[in-house]
Amino acid sequence: MNYSVTTQEFMMLAAKEPVNVLDLRDHDLDESFELLEGANVLQIPLTQLPNCLSQLDKGKTYYLFTQFGVRSKTMAQFLRNEGFQVTNVIGGTSAYQQYLAS
C-alpha cells in the first residue's frame, strides 16, 4: 500500500469519491482550508492526537495534512502502528494551496 500521495494524486482521488481528511495543524495556525465538496474534515491538532484516537474510525482511510507535510509523515507511521489506515499528503496544506492557485 502507498502511504503517501502527492497533492495531485489526492485531488484525483477526492474528485472520484468522498475522502476523510485529518487536519493536524494547530488551531492557532488554522488558515482557511477548503477542500472539495464531500470531503469530511476532522481537525485534531497533532499534539493532541495521541489522546484523541477514540475519535477515529479504524474502518476509514484518513488523508493527513499538516502545514508542510513533514510532521504528518511521522504521525502517519504512529497511526498505522495503532491500526489505522492513513495516507500522508506530501507537502501538506502549503502544497495543496499552491496546487489550487496554479
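Start at Gly83, which follows helix α2 and has a positive phi, near 95°. Keep in mind that this is a predicted model.

Next, select residues 70–81, which make up α2. The helix has 12 residues, and its first and last C-alpha atoms are 18 Å apart, close to the 16 Å expected at 1.5 Å a residue.

Now show the side chains of Ser72, Met75, Ala76, Leu79 and Arg80: in α2 these are buried. Look down the axis of α2: the buried residues fall within an arc of 140°, so they line one face of the helix. An α-helix has 3.6 residues a turn, so residues three or four places apart point the same way.

Turn to the other side of α2 and select Val70, Lys73, Thr74 and Asn81, which are exposed.

What covers the buried residues of α2? Select β2 (20–23), β4 (61–65) and β5 (85–89), which are included in that cover.

For the last stop, zoom in on β2 and β4, which run parallel and are joined by 4 bridges. Select Val21 and look across to β4, where Tyr63 stands opposite.

Terms used
Residues numbered from 1 in each chain as written. Predicted model: local features only at pLDDT ≥ 70, side-chain atom pairs only at ≥ 80, totals over all residues. Heavy atoms only, no water. Helix = DSSP H or I, 4+ residues; strand = E, 2+ residues; numbered from the N terminus. Expected span 1.5 Å × (residues − 1). Buried < 20%, exposed > 50% of the residue type's maximum accessible area, 1.4 Å probe, protein only. Arc of directions from axis to C-beta. Contact = heavy atoms within 4.5 Å. Pairing = 2+ DSSP bridges.
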